[in-house]
Amino acid sequence: MRNNTNPLPGRGQRGSALLIVLGFLSFMMISAVAFAIYMRIERQASSNYRHAASARHMLNAALYRAMDEVDSDLRATTIAGAPNPRKFPTWPGRVRTSAVVNSADNSANARVLTLGALAYIPGILLNDVRYYALPRPAGAPNAGMGHLGAKWRPLSMPLITMEGLNAYEEAVIGRYAYICINVSDMLNVNYCKAEVRDGAENRVSIGHLFRDDAQRKAFDKRVKESDINYTTLQDFYSCMFEMADSTLFRSPWHDYLNTGYDYEPFRNASKQILITDGVAMAEPVKNPEPHNILTHPPVSDAYLTTLQPDKDVEFQGTFGATLKEALKDNVSAGVDVTRSFNDILPTLLADYLDEDDVPKALNMPSVELAPMISQISVPPLAQAFITTRAAKNADNEDILIYTLDFTRLLPTTFINVEVMWPFKNTSLRTSTPGYTVEVLAYLKVNKVHADQNSGSFIGQAPGPASDYLIELKGNAAAPNQWNSNIIDQEQTCRVVNIPLTAIFNTPGGTPNLDLIDSDGVPYNGFAADSLISVSLVLGYVRIKNNTNNKYVDCVPTMIRFPGANRITEADEFQASQKIFFQSVPSPALGKNMAVPIDLTYAWTCLETPDPRFNWKVSNWIKSDVPEADGRLNKSTRDILALNDGRDADVFMSVSNAGKMQSPGELGYIIRPFAYQPTGPVVDFREHKDPDKCHDYDAMFRTIRLYDHGDPGDQIKRRHDAIYQNFIAANEDGSLIGARVNPLSDIPLVLGAAVERVPLDYWVSYQITDAVEKGNAVPPKIRDGNFSKLMEGSDWKNFTNGWANCLMNVRNATAINTDLTKSLKDEYNSNNYFGWYSATDPDKVLDPAANPPPAGGTPVNLSKALHEVDRKMLYSFTLDSFSDRQQLFLYIISAEATAPSLGDSVKSLAGGKAIALVWRDPYPKTDKAGKVVKPSNMYNDGTKTNTRISPWYQHHRGVDDRSREPYDDDPDSLGRSNDYFEQKVLYFKYLEN
């Protein structure tokens with residue numbers, strides 16, 4: 001029997017394939033699940049990224065959508081039936097939100113005001129934004145005012161299908177919400193403007209937050225060269241807070257959030273009225289190509305740096321032509337002012353701007369910071385008299401010789417020269433030179449009396465041959481009045497008593513001259529029975545600057561300055577008319593004259609009403625009685641009191657800054673007039689009234705920035721079109737010095753500008769050493785009358801009054817309803833400023849005409865502002881304010897959405913952003929004044945819904961869903977069809 005114990009071949013390996021397959025399938029299953037999970041994660045991440053990217057783009061779309069809506073508000077021709085003031089929103093408060101009650105989408109609040117977003121808001125607006133961002137529930141205060149908070153708004157684009165334009169609901173791709181804050185009057189934390197305004201004059205900027213000019217300039221330099229800007233106010237406050245220790249970076253904002261401590265940056269509102277960027281544009285003017293005084297200065301530096309140039313000063317570029325255009329309507333018909341435009345005005349402007357105190361020419365009106373001669377008087381001791389002396393005749397008989405006696409001139413005599421210093425508050429000038437008044441005069445004996453006039457001495461050389469028998473010469477130091485605090489125009493005049501030493505050119509050099517004896521025998525060329533007189537002839541009265549030995553004033557004079565054109569003093573003496581004093585005639589010379597005989601002067605005082613015109617003899621008149629020391633001339637008072645367009649006082653102003661900073665500075669320049677270097681011959685016996693002065697019509701008449709009295713008087717009172725032809729701006733049209741909107745409703749902002757507007761250009765305010773060292777001593781500021789140094793409360797009353805005045809102009813008139821009008825049209829309105837009030841002209845800001853807002857305090861100064869103060873406030877206020885700055889801060893939230901169950905939407909992804917947008921409140925026009933619209937404005941060629949983006953306009957409280965996004969907006973027919981330029985100054989995405 002056989003035993004077979006071996007299995008079949010391969011029987012032990014059966015089932016391995018199954019195991020392998022099952023194992024592989026298990027692996028595949030695990031991998032598939034893992035892959036599916038991984039892909040799901042990746043798909044979710046990709047989807048999130050896609051939605052986030054969409055949300056970022058939606059933020060940009062939402063910004064332009066919000067810009068359109070705000071633009072739509074501001075372009076409405078009427079609101080509630082009243083003209084819309086276009087340049088300033090009519091929103092309640094400063095905030096506009098994306099809130100309308102026209103759809104279910106608006107029922108949900110958009111939580112956009114996070115702490116991160118609040119860091120971008122000026123501190124003074126934090127509560128304002130919170131208030132208007134929250135919904136006003138029923139029954140709450142102001143519930144009916146529509147402060148509904150920021151609401152979601154649908155964001156859609158037209159979708160083209162085979163059936164045409166999709167329905168609105170099918171085009172919704174997301175939603176957005178925004179809060180828009182008007183920050184037009186905020187100050188820029190990234191621009192100190194140290195190069196334009198030094199510390200003492202940095203009125204409308206953050207310059208006062210820095211310790212000195214070096215810090216200000218370093219700040220501007222860092223921003224300019226490193227391109228590092230503060231993007232949040234938090235950054236700025238942090239750095240300012242720790243400015244003393246740059247190694248630390250501590251944020252008071254964080255301390256405020258963590259501890260609730262009211263840190264100083266949030267306690268002092270004046271340091272919170274800031275934004276992180278800004279732009280302001282020069283207002284549009286009627287002249288399509290206005291002259292820019294910053295990029296095209298009026299005169300070259302060569303003229304400004306030369307004390308006394310050898311040739312006439314000339315305007316450079318188009319300045320002269322533009323000035324003619326601005327003044328053409330207010331120049332008297334038929335008056336040739338060619339020389340005035342071509343020589344006088346350039347010279348005046350050069351003197352106003354240059355940094356020295358020496359006039360470029362003395363034979364024309366002066367506006368230089370230098371004393372001026374305004375009156376000359378002769379005391380009795382300067383008179384001659386006729387007396388007798390005993391003598392023997394040829395027969396040795398006793399006789400009397402009648403002698404013209406000048407012994408009163410021994411050892412010296414005097415002449416009085418009144419010097420005027422028509423400037424205010426110059427006690428703090430950095431340059432305070434001393435001045436010397438010099439006089440050269442001659443006593444001329446008229447051997448045959450005849451009434452003389454100013455031309456009687458032309459062609460005569462001084463000396464015995466022409467009977468100029470006595471030379472009188474002397475000098476004296478001018479009083480140091482101009483280095484003190486002048487507070488009233490009566491204080492501008494001081495009389496200088498000048499001793500004159502006599503040099504006798506009489507026969508024998510004695511102080512007497514024999515005339516005739518008691519026998520009737522005449523002497524020294526005199527004739528019996530003739531009448532004689534004596535004339536005191538002035539060769540010059542002039543003032544010398546002791547620092548540079550340059551003459552700053554001289555009367556009379558025909559040439560530019562002594563030594564100019566190589567004309568000697570002797571030559572000019574012979575060629576020019578003379579200021580002189582003539583005695584009354586003596587009795588007929590004879591042997592029986594009754595002595596003594598005083599040859600008193602027929603007039604003892606000559607004056608000029610306006611010392612700027614003193615170089616010309618025909619501008620001097622006889623005065624019956626010289627005014628007491630420290631008193632204005634009567635003729636000056638008379639000419640100022642006429643109120644026919646003349647300036648209201650004697651004060652002048654100079655810049656000494658080397659460049660113009662405001663078109664309003666032209667208001668300190670004398671009006672163009674028919675200039676003549678010499679005038680007609682005058683007889684001082686009859687030449688005694690101010691209107692007899694040759695340049696009477698030009699005296700105290702300056703280029704006018706505002707109406708002087710009745711604006712119906714087109715020549716004497718109407719303001720000149722300076723601001724229609726001149727601007728002060730960068731090359732791109734932006735303003736250097738303007739960052740404050742005059743339509744502001746925050747008095748602190750207006751005060752930030754007004755308190756730095758100088759009431760006198762030399763001294764706008766005084767900072768003590770203690771303040772500069774950081775001690776808590778308030779700066780002392782001079783008040784409107786300059787009679788004392790004001791404390792902070794007094795100064796606050798003044799600035800509040802001025803701010804209230806500006807605010808009343810905005811509130812009381814529909815000033816911006818017409819694009820041809822601007823705020824500057826209201827600045828010259830006496831109804832609002834009370835400068836020329838017929839009932840009470842002593843009130844600067846008339847409370848009756850200017851009722852302050854609730855809680856405001858009007859200002860009452862004891863006297864009216866002087867004319868120079870009005871010009872200061874006017875010219876530099878316009879330079880500091882600009883109603884062409886509209887800044888809007890947008891806080892935006894946007895989400896991509898998808899339909900959800902019911903009528904709600906599902907948020908897929910979203911984001912937040914902050915943006916600052918500048919809007920030009922004036923329509924964009926070309927040089928011809930025609931409105932310019934960019935080619936990419938969105939409309940279909942027939943509609944009026946011109947806008948800057950394709951996003952459909954959702955307007956105020958209107959159910960504005962439309963099947964045709966290109967249709968007219970619900971309120972489009974009520975909007976002006978103009979284009980208003982806008983710029984996004986910065987846009988920053990806020991990470992969640």
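**Chatting through a predicted model**

Student: Why does V21 count as partly exposed?
Tutor: Because its relative accessibility is 43%; buried means under 20% relative accessible area, exposed over 50%, and partly exposed in between, with a 1.4 Å probe and protein chains only.

Student: Which residues form the nonpolar patch on the surface?
Tutor: L18, L19, V21, L22, F24, L25, F27 and M28, with about 810 Å² of accessible area together. Patch members have over 30% relative accessible area and no salt bridge; nonpolar side chains (Val, Leu, Ile, Met, Phe, Trp, Tyr) are joined within 5 Å, like charges within 9 Å. The areas are Shrake-Rupley values with a 1.4 Å probe, and for residues only the protein chains shown count as cover.

Student: Salt bridges, then. How many?
Tutor: The count comes to 28, taking a side-chain nitrogen of Lys or Arg within 4 Å of a carboxyl oxygen of Asp or Glu.

Student: What does E69 pair with?
Tutor: R96, with the closest N and O atoms 3.7 Å apart. That pair links distant parts of the chain, E69 being in helix α1 and R96 in strand β3 (residues 95-97), 27 residues apart. E69 is buried because its relative accessibility is 0%, and R96 is buried at 11%. R65, E69, R96 and R153 are also linked in a network of salt bridges.

Student: What about D71, which residue does it bridge to?
Tutor: R919, with the closest N and O atoms at 3.0 Å. D71 is in helix α1 and R919 in strand β29 (residues 905-919), so the pair ties together parts 848 residues apart in sequence.

Student: Are D71 and R919 buried or exposed?
Tutor: Both are buried.

Student: Switching topic: at what angle do α10 and α11 cross?
Tutor: Roughly 100°, and the axes of α10 (residues 319-327) and α11 (residues 338-353) come within 11 Å. So α10 is roughly perpendicular to α11. Axes are lines fitted to C-alpha atoms, for helices over the stretch in contact, and angles run from 0 to 180 degrees between N-to-C directions. Under 35 degrees is roughly parallel, over 145 roughly antiparallel, 65 to 115 roughly perpendicular, and the rest oblique.

Student: Which residues meet there?
Tutor: From α10, F319, L323, K324 and L327; from α11, F341, N342, L345 and L349. Contact means heavy atoms within 4.5 Å.

Student: What's the phi of F700?
Tutor: Near 50°, a positive value in a residue other than glycine. F700 is in the loop between α13 (634-640) and β25 (726-727), and counts as buried because its relative accessibility is 1%.

Notes. Residues numbered from 1 in each chain as written. Predicted model: local features only at pLDDT ≥ 70, side-chain atom pairs only at ≥ 80, totals over all residues. Heavy atoms only, no water. Helix = DSSP H or I, 4+ residues; strand = E, 2+ residues; numbered from the N terminus.
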